[in-house]
Each structure stands twice: as C-alpha cells, then as structure tokens.
Amino acid sequence: MDKQEYQSTLKSMDTEEHIDLYFYRPIGYAWARLARKLGIKPNAITIASIFLGVGAGVCFYYNNLWINILGMLLLIWADSFDSADGQLARMTGQYSRLGRILDGVSGDLWFAAIYVAICLRENVTSEFFMAHHWVIWVVAVCTGLCHATQAAMADYYRQFHLYFLKGESGSELETASDLRAKYDTLSWGKDFFSKLVMTFYLNYTVGQEKRTPAMQHLRKVLRDKFHGRVPESFRNEFRALSLPLMKYTNILSFNWRTIALFAALFVKMPWLYFAFELTVLNVLLIYMMLRHESICKKLTRELEENKF
C-alpha cells in the first residue's frame with residue numbers, strides 16, 4: 001500500500017470514524033486502485049453499490065439467519081464500494097455535484113429496500129404486526145424521515161468542519177443561494193436531467209439551512225467581515241469546539257446503524273432496528289444540533305465583539 005496516496009484518499013483524521021479507518025477505508029482504497037487501473041469512474045462504483053445494497057435488503061426479508069448473513073455481507077460490500085467511490089474521486093480529481101448527489105441517493109435506496117423488507121417480513125412472522133398490518137408501515141415511514149434528517153445533518157456538520165479545517169477545496173459545503181442561481185440558469189427543455197438533479201440537491205440544502213439558523217447567521221457574519229478570508233485563529237477555535245461533535249456525526253452515519261441492524265436480525269426481531277433509529281439516534285441528533293447551534297452563537301458573539 002502506498003501510504004502517502006492512501007492518506008490523500010481520506011477526508012481528514014478529524015472526521016474519519018474508527019471502523020472506517022481500520023476496515024472500510026483500506027478495502028475501499030484497494031477497490032479504488034483497481035478501478036483506476038481499469039478506467040472505471042467513481043459514479044459507476046456508486047451505481048454498483050446500489051445493486052448490492054438493494055440485494056442486501058431483499059435478503060433481509062427472509063426469516064432465515066443464513067440468508068440474512070448473506071445480506072449482511074452484501075451490505076458490507078456495498079459500503080466498501082461507497083467508500084471506494086469517494087476515495088477514487090480524491091485520487092483522480094473526478095469530483096462532481098452529480099457524484100455527491102448519487103452517493104447520497106445510493107444510501108437512501110439501500111435503506112428503502114431494507115425498510116420494505118423488514119415491513120413485509122414482520123407482517124408475515126410477527127403475531128402483533130400480522131393483526132395490525134398498518135403499524136409497521138407507519139413506523140417505517142416515520143423512521144425513514146428521521147433517518148433522512150439524521151444523515152443530512154451529520155453530513156452538513158461534517159462538511160462545515162472540513163470547510164474550516166481544509167478550506168473550500170477540502171469541503172463540499174455549498175449555499176442554497178448559490179445553488180438556486182445555478183438552478184435558474186438551467187432549462188427544463190434543454191437541461192432536464194441536470195435541472196432535476198439540481199432540484200433535489202437544492203431542496204436538500206435548503207432543508208439543512210432551515211434547521212441551522214445560528215450556523216447560517218455565523219456564515220453571513222464571516223462573509224461580511226472577512227470576505228472569504230477567515231483568520232487562522234478563528235479556524236482553530238472552531239475546530240477545537242467542533243471536533244468533539246464529530247463522533248456524533250459518525251454514529252449517525254452508516255456503521256453504527258448497520259451494527260444495530262445486524263443485531264436485530266440475529267435476534268430475529270428486525271423491528272428493533274426501527275426502535276433504535278427512533279430513540280437513540282434521534283436523541284443524539286437533537287443533542288448534536290443544540291450543541292452545534294450553541295457553538296455558532298458563541299463564535300458569532302465573539303466576531304461581533306471583534307475578538308478575531
């Protein structure tokens with residue numbers, strides 16, 4: 001392994017999760033090197049991960065542990081591809097907004113398949129859900145909405161941290177106003193696909209900004225005061241305050257979800273996974289959002305008092 005090249009494929013040591021560092025990133029790097037040698041693009045790897053993740057969901061429908069284990073292996077394979085597409089993009093400089101959106105959509109499709117499989121399975125194996133078919137579907141929809149919010153906010157806080165750690169080149173942080181301006185330049189007639197993709201991405205970003213008013217105020221104060229040239233002292237203070245929250249963004253991402261999912265499948269009560277997302281992960285999300293907004297308010301006050 002080329003250690004220097006491998007290190008360059010990581011987002012940052014601040015934001016990497018331990019399971020990723022010791023398991024998924026080395027595997028993803030091996031896939032990325034093979035893909036580069038074969039001339040395979042990052043988006044092609046992402047699309048392949050969708051098929052693997054959906055296949056995993058199908059396996060979770062069956063009340064058979066060995067088939068479930070096959071699904072677990074497929075989901076781990078899918079996530080190694082999810083790691084590889086980003087690592088390949090960083091290795092080759094093949095960044096694109098479409099790739100970022102596709103990367104997010106792939107995870108949504110994995111879990112949509114998993115949620116449907118769990119609902120169908122519970123409706124034929126659980127006496128309670130067999131008698132009340134609608135309950136598990138309502139729980140699944142609520143869980144899916146919470147999942148989408150948890151993943152979106154974890155990603156947003158991670159990108160905000162990377163912005164101050166590495167600058168614009170090391171972060172995928174964007175603003176709804178910039179995206180809206182680009183959206184307005186596209187035509188439904190001539191740029192249908194691009195405009196459709198931009199529609200979803202714009203709505204995604206608008207949702208992130210609406211949930212973080214203190215962050216948006218801080219961003220505005222920084223733009224007005226420094227015009228894009230944020231002092232190193234401010235970057236360092238933000239990083240010090242934000243770094244402890246990165247562990248929560250990692251818990252709200254993929255690895256701990258799958259650990260909970262696999263545990264629920266092993267005890268043959270997959271509905272417990274929904275309970276985990278609705279309770280543990282929502283509590284973490286609320287705590288993380290409150291802490292981050294508090295940090296942004298504190299730093300905004302210091303900026304307005306000219307402490308930087």
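Colleague: Before we start, what does buried mean here, as a cut-off?
Modeller: This is a predicted model, and the call rests on relative accessible area with a 1.4 Å probe. A residue counts as buried when that area is under 20%.

Colleague: Okay, so is Ser49 buried or exposed?
Modeller: Ser49 sits in helix α3, residues 42-59. Its relative accessibility is 0%, and the cut-off is under 20%, so Ser49 is buried.

Colleague: Which residues does Ser49 contact, leaving aside neighbours within four places in sequence?
Modeller: Contact takes heavy atoms within 4.5 Å. With those sequence neighbours left out, Ser49 touches Ala78, Phe81, Asp82, Ser106 and Trp110.

Colleague: How many disulfides are there?
Modeller: A pair of cysteine sulfurs has to be within 2.5 Å to count. For Cys119, the nearest cysteine sulfur belongs to Cys142 and is 11 Å away, so Cys119 is in no disulfide. Cys119 is also buried, at 0% relative accessible area. The disulfide count comes to 0.

Colleague: What span should helix α9 have, at 1.5 Å a residue?
Modeller: Helix α9 covers residues 192-210, which makes 19 residues. The expected span is 1.5 Å times one less than that number.

Colleague: Which helix has the highest mean pLDDT among the elements of the chain?
Modeller: The chain averages a pLDDT of 90, and 98% of the residues score at least 70. Helix α1, residues 3-8, has the lowest mean of the elements, 79. The highest, at 95, belongs to residues 271-304, helix α14.

Terms used. Residues numbered from 1 in each chain as written. Predicted model: local features only at pLDDT ≥ 70, side-chain atom pairs only at ≥ 80, totals over all residues. Heavy atoms only, no water. Buried < 20%, exposed > 50% of the residue type's maximum accessible area, 1.4 Å probe, protein only. Helix = DSSP H or I, 4+ residues; strand = E, 2+ residues; numbered from the N terminus. pLDDT = per-residue confidence, 0-100.
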